[in-house]
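Me: I would like to learn how to read a few features of a structure. Can we go through them one at a time?

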Amino acid sequence: MKKTVFLGALTVAGLAAGASAAATLDDVKARGKLNCGVTTGLVGFAAPDANGNWEGFDVGVCRAVAAAVLGDANAVEFVPTTGKTRFTALASGEVDLLARNTTWTLSRDVDLKFTFVGVNYYDGQGFMVNKDMGVSSAKELDGATVCIQTGTTTELNLADFFRANNISYEPVPIETNAEGQQQYLAGACDTYTTDASGLAATRATFEDPSAHVVLPEIISKEPLGPLVRHGDNEWGDIVRWTLNALISAEELGITSANIGELSAAPGDNPEINRILGTEGNLGEMLGLDAEWAKRAIMAGGNYGEVFAKNIGEETPIALARGLNAQWQDGGLIYSPPFR
Amino acid sequence: MSDMSYVRSEMLPERTPPASSVGFVGWARANLFNGIVNSILTIVSLVLIFLVLAALLPWLFSPTWNSGSLNECRDILNGHEGACWGVINERWEQLLYGFYPNGSEAGSIDQRWRPNLAFLLLFVAVIPVLFNMISRRMNWVLLLVALAYGAYAIGGTLGMIAVVVLLAAAVFVGYKAFSSDKATRAAEIEAGAKRLPNPLIFTAIFPFLVPFLLWGGSIWVFVGAALGFVLAGLAYRYLSTVVGSLAGMIISVLVAIVWWLFMIGPFASAMDAILPIALEQIESRKFGGFMLSITIGVVAIGISLPIGIVLALGRQSDLLIVKALSVGFIEFIRGVPLITLLFVASTLLNIFLPPGTNFDIILRVLIMVTLFAAAYMAEVVRGGLAALPKGQYEAADALGLDYWKAQRLIIMPQALKISIPGIVSTFIGVFKDTVLVSIIGLLDPLGLSNAIRADQAWNGVVWELYGFIAFMFFVFCFSMSRYSMYLERRLRTGHK
């Protein structure tokens, strides 16, 4: 008897899960706020300012989605998640969307049942060394001590790389990036390895950044992108095409400066018209209004503008576009067409 | 015979002790240079202290208070070693209040007076419990001043009038308290003078007032919650004479539960319709920094002590089920690290509860930390119970006291007195353990320090943030430890 009651309760819970998962858009609209999972703080990608307003590259995605769906780029409840809590937060419905520089892998996509809607930053694991070491390639790091964050994929990548090149290393386990910086500066390790964007941000904080170099080898693929739960494809579509709208906007030259002018009346370029809703009914297909993409782009500018503002070459982090340039410029950032 | 005498007939005048044994020199000789080994140790220690201070003080006193980023600090310091205090200047409010609305967002107003007022009221509420040296009148002065601060923060003409009235009342009561000394006042009371109400009344209201202040919403929900206790009390009082104390207790608990489950909603909405008093609602997500630590710490400390006492008594009970439950609970909770419980609160519960259940994350954490602290508290109190001579229990029985009276009048006052150092250690431990919530993504001071470093302007600042946080924690924990010593001194009644 007890068992059946328990199973019944589970079934009800499961059904409720199915029912609620199918209507994330309605939930978000009813709530009037988008719950967006971000990191508890990563330079350039997500950080609160002194007044508690979140800023950063990943935060830009959250704000664009909120603008597209709710019409207000500030209608976002940022839920800080750690590496350990992020997936349960998304799976349990605590957040509607996770924009937390999370690497797209098969197991996360398939086994954890998430949908990665795209890639907003192509990262890769790199090495930083002191210039005095005279090392110009990671393959010369035989016998080096390496500061490495434990429990991350970077640890496994490091082991693979050194084994493949038949050289040895001595790991210095660290817990956080801040600890890594301190250890590296104190000389506890010869080289510090983490995502290249993180290395650039770390190097920018040094008293003399020019004394340190990031080695050219990138030993892993880390496609970082926003993700949603399996089971609500409509919601996944909205997030995917909001990201694509930002990317297409850069490709087509729609910026926050000229968007008012371009959206005032249909122009010569039909794709711009379709994105901005002056032509066609793409917004309606997504279950949104015609101006959804316009609002998303106005929230923080197009992909290139968000990049430049938060992590681009003008910022202290000074990341070059590299792989993250538009496909015409030799990068991997590519949006399917809006039609 | 000469009249010379060998016996001195009058006292010599007292002479001052030699210069080498009084004043600083004497003290130093007695304490620092008392022998060769000690002298060497003293000199070595002094050199060490000098070295540490010589390195620390220039770092500590660095003129970087107004800098806007780490690089600005470096420009100001110009190659010298020094702390970058600009980060504290810019972020101290965030470290204290987290994301509590500070009026910077368009359309919002500064709400931080609410945690401030709650913090002030905390002292007003605990002082009559913790110290009996402060007079009833002084306690009311404190309360009036705290309320005046609240009225001032609310602002408006009405608020200003309230400030003036409250402050005037505070001055009046304070003047009366100062103008009459203890003896005359005692005589007046003896003669039947009217006293101010017992400040413990406010202490009883406080647990319902603070959630209202911190989380906001309609005041009637919290009034309703308090009414549940009142109803249960009334039910027990009138029913226990009719149906006996056990049945009365069960019925009164049921009354309270029914009230809380079914009646609070209608009650609150009805009262809202009549007299809407509400504060802007603040979500738990906005809590952060020391405000979060103190909230979790105070709740856990305040609730874990009674639960711990009950568990300790349960563990010693002769009733099999009560004993088994208590032992099981204590041993289970003590056998599991706090961080595991926090993960259960933050992730597992999310999966087990039906989706869409909005079970506040901070409430979950509060429950877990409280249970954790209660299990430890139970063992500390059990230590006190075990240390009590068996004669005390027998004496209580011999006096014909029932179980609860014996516990309340004989056993607990002595057992708790013995356990004070252990209890306060547990309190301090719980308060410091609150930083573990940073691991489940809540932005307590340590979590915030990471978030602050994620601002490019302050990336790389480590010692200043940790130093500030450590200093704040030290202030709280050290005061708790001093209080416990005060309490031990005050309660020392024999056993010398």
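**Surface, loop and disulfides**

Reply: Start with the surface. In this predicted model, F33(B), I36(B), V37(B), I40(B), L41(B), I43(B), V44(B), V47(B), L48(B), F50(B) and L51(B) make a nonpolar surface patch of about 1,100 Å².

Me: Is I36(B) buried or exposed?

Reply: Exposed means over 50% relative accessible area. I36(B) has 68%, so it counts as exposed. I36(B) sits in helix α2 (residues 36-60) of chain B.

Me: What does the side chain of S137(A) make a polar contact with?

Reply: Its partner is the side chain of E217(A), at 2.6 Å. A polar atom of the S137(A) side chain also lies 3.1 Å from the backbone nitrogen of K139(A). S137(A) belongs to the loop between β8 (125-130) and β9 (144-149) of chain A. With a relative accessible area of 14%, S137(A) is buried.

Me: How many disulfides are there over all chains?

Reply: A disulfide is a covalent bond between the sulfur atoms of two cysteines. A search of the whole structure finds three. One joins C36(A) and C62(A), with sulfur atoms 1.9 Å apart. C36(A) lies in strand β1 (residues 34-39) and C62(A) in helix α3 (residues 57-70) of chain A, so the pair ties together parts 26 residues apart in sequence.

Me: Which handedness do the links have?

Reply: Read the torsion about the S-S bond. For C36(A) and C62(A) it is about -60°, so that disulfide is left-handed. The link of C147(A) and C189(A), at -95°, is left-handed. The link of C73(B) and C84(B), at 75°, is right-handed.

Key: Residues are numbered from 1 along each chain as its sequence is written. Chains are lettered from A and ligands numbered from 1 in the order in which they are written. This is a predicted model: local features need pLDDT of at least 70, side-chain atom pairs count only at pLDDT 80 or more; totals for chains, interfaces and linings use all residues. Side-chain values use heavy atoms; hydrogens and water are left out. Patches are made of residues with over 30% relative accessible area and no salt bridge: like charges are joined within 9 Å, nonpolar side chains (Val, Leu, Ile, Met, Phe, Trp, Tyr) within 5 Å. Accessible areas come from the Shrake-Rupley method with a 1.4 Å probe; for residues, only the protein chains shown count as cover. A salt bridge is a side-chain nitrogen of Lys or Arg within 4 Å of a carboxyl oxygen of Asp or Glu. Helices (H or I, at least four residues) and strands (E, at least two) are DSSP runs, numbered from the N terminus. Buried means under 20% relative accessible area, exposed over 50%, partly exposed in between (1.4 Å probe, protein chains only). A polar contact is a pair of N or O atoms within 3.5 Å; within protein, one must be able to donate a hydrogen and the other to accept it, and residues adjacent in sequence count only if both atoms are side-chain atoms. A disulfide is a pair of cysteine sulfur atoms within 2.5 Å.
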